[in-house]
Each structure stands twice: as structure tokens, then as C-alpha cells.
Amino acid sequence: MADKARLSLNQITVNRWSVAEAVDGCVRHGIRSIALWRHEIEEAGLAACAQLVNDAGLRVTSVCRGGMFPAPTPQERRKNIENNFRAVDEAAELHADSLVMVVGGSAGLDLEDARMMVVDGVAALVPYARERGVRIGLEPLHPMYAAERSVLVTISQALELARDYDACEVGVILDTFHIWWDPKVAELIPEAAGRIFGFHVSDWLVPLPDVLMGRGLMGDGVIDNRKLRLLVERAGYDGPIEVEIFNRALWDADPDVVVAQVIERFEKFV
């Protein structure tokens with residue numbers, strides 16, 4: 001059974017809530033950590049968000065998200081990097097454990113070119129993040145997202161890129177929705193020891209109702225979240241565990257009911 005004290009509420013799970021409402025919800029439900037999304041930070045104001053989490057005594061486990069490096073022109077790629085600089089500034093202000101990187105897809109580009117743009121983008125970002133004490137967490141996504149969201153689709157790919165940098169600067173975010181299918185997952189997680197910056201849980205529904213919005217509550221699908229948690233713990237990660245669920249039915253429901261369900265499923269299935 002996962003300890004509720006390790007639960008971090010990723011704000012996207014309760015998408016109807018503003019930052020202030022999500023922070024208040026965490027306090028009401030006894031959740032100690034939260035992950036914030038940049039569009040919500042922008043709407044509320046960075047200074048206000050920092051004040052809210054500080055006053056509530058919450059740990060910010062991540063800022064979602066940086067990345068999206070590939071683009072057709074040098075000017076667009078530079079603009080994307082500048083946007084990532086701002087993301088680092090936000091993560092620094094919030095004292096977030098890491099800045100989650102969804103690196104960007106290959107649509108309209110040669111796949112290998114897109115991957116090289118990611119390598120170049122991370123190289124441009126790391127010195128800036130280093131100066132501000134922000135850790136870069138590379139999140140490999142399920143291969144079905146390669147065109148639109150991430151050409152980084154396996155743990156091994158993420159580790160290969162991360163190993164170009166110090167282990168305290170660049171690591172990986174392991175999300176069960178994206179890694180459960182990998183036949184080598186039990187071998188790859190130990191290889192990530194010392195570079196695991198975050199661990200996210202949800203479930204894979206069958207049939208999958210929607211590519212983006214089809215994640216489920218833990219226990220509603222086929223992912224063995226507990227098994228993956230134990231593997232991550234054996235690799236040395238004992239930090240917060242984010243519940244990150246994109247699901248419109250949950251978004252349309254009463255957020256307080258959703259949070260209560262999240263806690264129940266977290267304790268039972270994670």
C-alpha cells in the first residue's frame with residue numbers, strides 16, 4: 001500500500017480548479033504536494049502561485065511542462081528555447097523538484113532531425129537551468145505520441161540523453177501510462193537509478209477511449225502501478241508520486257469527489 005504522505009496531486013487531474021482552488025483542495029484533503037501546469041501559473045500569476053504554495057506548506061513536485069523543441073525553422077526553434085528559459089524561471093520561483101520535459105514531436109519534420117533538435121534544445125537549456133538550480137526531467141512518452149508530442153519514447157532513449165549531463169542536473173520522469181508496455185521496463189528502471197526525478201501514476205483503460213484524454217484512475221485499467229512503484233523504489237526513488245490523469249469525465253465531475261477517489265485508489269493500487 002502506498003503511503004498517502006507521498007501523494008502529489010497533479011493539477012491536470014482536477015482541471016476545473018484554479019491554482020488557488022487546487023492548493024486549497026490539497027490542504028482540505030491532507031495532500032502535501034502538488035504539480036502545477038504553466039498555463040495555470042500564467043493565469044494566476046507566478047508570484048501569487050509561489051505565495052499560495054508557500055503559505056499552504058505544499059511541496060511543488062514539478063512544473064509541467066517544458067520541451068517542444070522541434071520546429072521547421074531556426075527562428076521557431078530559438079523561440080521554443082526562449083519559452084523553456086521562462087519555464088525554468090517559473091520552476092525556480094516555485095522551488096519545484098523538477099521541470100518536466102515533453103520534448104516535442106516529429107510532425108512535419110524528418111524523425112531523426114526532430115530528435116537532433118531535442119538534443120540541441122536540451123543542450124541549450126541545461127546551462128540556464130544549472131544557474132538557477134532547476135533539474136530537467138526528461139519524460140519518455142508512449143510511442144503513439146511520437147508525431148505530436150514526443151520523439152523520446154523509451155526509458156533507454158531518455159537515459160541516453162540524460163547521461164550527457166550530471167545526474168543532479170538531468171534525469172528522467174517515469175510515468176506508468178507511458179512505460180508499462182515496455183518489455184524491458186524491469187531492466188531499464190534499475191538503470192535509471194540516481195536519475196529518477198519523478199514518478200507518475202494513472203491507468204490504461206481497455207479499450208482506450210481517447211489517445212490524449214483516455215487515462216483512468218488507478219485500478220480501472222491494466223497497469224500494475226504497484227509493481228512499477230516497487231521497481232522505482234528499488235532503484236532508489238522514495239520521493240512524491242504524482243497522480244496525473246487526463247480524463248474529461250473526471251474533469252467534469254466534482255473535483256472534491258475526484259480527489260477523494262484519487263486518495264482511495266492511490267492507497268489501494270499504488
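Trainee: What lies over the face of Phe197?
Mentor: That's Arg135, at 3.9 Å from the ring centre. Keep in mind that this is a predicted model. Arg132 sits over a ring face too, that of Tyr128, at 3.4 Å from the ring centre.

Trainee: OK, rings with rings now. How many aromatic pairs are there?
Mentor: Searching the whole structure turns up four. One of them is Trp37 with Phe246, an edge-to-face pair with 5.8 Å between centres and 85 degrees between the planes.

Trainee: Where do those two sit in the chain?
Mentor: Trp37 is in strand β2, while Phe246 is in the loop between β10 and α10, 209 residues apart.

Trainee: And is Trp37 buried or exposed?
Mentor: Buried, because its relative accessibility is 11% and the cut-off is under 20%. Phe246 is buried as well, at 10%.

Trainee: Which pair is stacked?
Mentor: Phe177 and Trp204 are stacked, 4.7 Å centre to centre with 25 degrees between the planes. Phe177 lies in helix α7 and Trp204 in strand β8, so the pair ties together parts 27 residues apart in sequence. Those two also form one aromatic cluster with Trp180.

Trainee: Switching topic: how many residues are in the largest nonpolar core?
Mentor: It has 82 residues, and Leu138 is among the members that touch the most others. Helix α5 gives the largest share of this core, seven residues.

Trainee: What is Leu138 in contact with, beyond its sequence neighbours?
Mentor: Leaving aside neighbours within four places, its contacts include Met101, Val122, Leu152 and Ile173.

Definitions and conventions: Residues numbered from 1 in each chain as written. Predicted model: local features only at pLDDT ≥ 70, side-chain atom pairs only at ≥ 80, totals over all residues. Heavy atoms only, no water. Core = buried A, V, L, I, M, F, W, Y, C linked by side-chain atoms within 4.5 Å. Buried < 20%, exposed > 50% of the residue type's maximum accessible area, 1.4 Å probe, protein only. Helix = DSSP H or I, 4+ residues; strand = E, 2+ residues; numbered from the N terminus. Contact = heavy atoms within 4.5 Å. Phe/Tyr/Trp six-rings, centres within 6.5 Å; stacked < 30°, edge-to-face > 60°. Lys NZ or Arg CZ within 6 Å of the ring centre and 35° of its normal.
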